[in-house]
Amino acid sequence: MSSRRARSRQSTSSSRITDEQINDLVSKLQAVLPEARLHGCLSMQVSAAKVLQETCNYIRSLHREVDDLSERLSELLATTEASSAQAAIIRSLLK
Amino acid sequence: MESKSSTTGNRDNPNRNLHGSKTMMASHFLRALFRIQQTSTSSSSAGRSRRIRRAAYASMAYSAGTRRAWSRALLRKLRSRARLRFPRRLSRAATPQRRDMDQAQVLRKLVPGGPSMDDCKLLEETADYIRFLTTQVRLMQTVMDSVSS
C-alpha cells in the first residue's frame, strides 16, 4: 500500500511542475487577461486551473473575433469604392 | 554608480516588445488588405474572408518574428499553405480543479506550437500570443471603423 502511494506521488511529481512555478507564471497570464474574467479569483492563492480555463476561453473568443472581423472586412471591401477604402485605411494607419 | 541589471528589462515591460511590432503588424496587414481588395473583385466573399483571416495571422507572426515558438509555428503553417484551424469546442474536462493538467492540454491545442512545449514554456508563450492576438483584433477593428465611416 505504501509502495502504491509512493509510486503515485512519484508519477505526479515527474509530470507536474511545482505549484510555486505555476503560480508565478499564472500571474503573468493574469496580466494579459481582462479583469472581468478573473472576477472569482481574488485570493492570493490563485487557482491555476481556473486561470488556465479562463485563458482557453479567452483565446477561443479572440480566434472567433478574428474570424468574424475577417468576414466583415471582406464584405466591406467588396462594397466600398477602392480609392476611398484605401484613403480610409491609410488614415487609420496614421492614427 | 550602481546600475541595475537590465537583463529582465524586456520582461518587466512586455509592452516595449509590442510597440515596434504594432507598426509592423499594421503595415503588413494593410498592405495585404490592399492586395486582397485589388485582386479579388470577382472571387467569392468566402475566399476573400479566408485570405483576410490568413493575412491577420500572417501579420501577427511576421511582426513577432522568429524569437517566439508560437510565431515560428504559425510561420511554418503559413508557408506550408496548411489550413489554419484552431479547436472550437469547449473542453469536456468539467471535472474539479485537481486535473489542471487537462486544461494545460486544452491550452496546448489553442496556442500554435503548443504540443511541443512543456508547462512553463506554454504559459510564457500563451501570454505573448494573447498580447499579439489582442493587438491584431484591435487593429482589425480600427480598420473596420475607418472604412465604414
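Across the interface of chain A and chain B of this predicted model, the rule finds 7 residue pairs in polar contact, both residues at pLDDT 80 or more; a polar contact is a pair of N or O atoms within 3.5 Å, where within protein one must be able to donate a hydrogen and the other to accept it, and residues adjacent in sequence count only if both atoms are side-chain atoms. Helix 2 (19-32), helix 3 (48-79) and helix 4 (82-94) of chain A each supply at least two residues of the side that touches chain B, and helix 3 gives the most, with 26 residues; helices here are DSSP runs (H or I, at least four residues), numbered from the N terminus.

The rule also finds 2 salt bridges across this interface, a salt bridge being a side-chain nitrogen of Lys or Arg within 4 Å of a carboxyl oxygen of Asp or Glu. One of them joins D67(A) and R88(B), whose closest N and O atoms are 2.5 Å apart.

Contact (heavy atoms within 4.5 Å) involves the following residues of each chain.

| Chain | Residues in contact with the other chain |
|---|---|
| Chain A | 48 residues |
| Chain B | 52 residues |

Chain A and chain B bury about 4600 Å² between them, 73% of it on carbon and sulfur atoms, where buried area is the accessible area (1.4 Å probe) that two parts lose on being put together, summed over both. In chain A, R60(A), H63(A) and L73(A) lose the most area to chain B, together 14% of what that side buries.

Residues are numbered from 1 along each chain as its sequence is written, and chains are lettered from A in the order in which they are written. In this predicted model local features need pLDDT of at least 70, side-chain atom pairs count only at pLDDT 80 or more, and totals for chains, interfaces and linings use all residues, while side-chain values use heavy atoms, with hydrogens and water left out.
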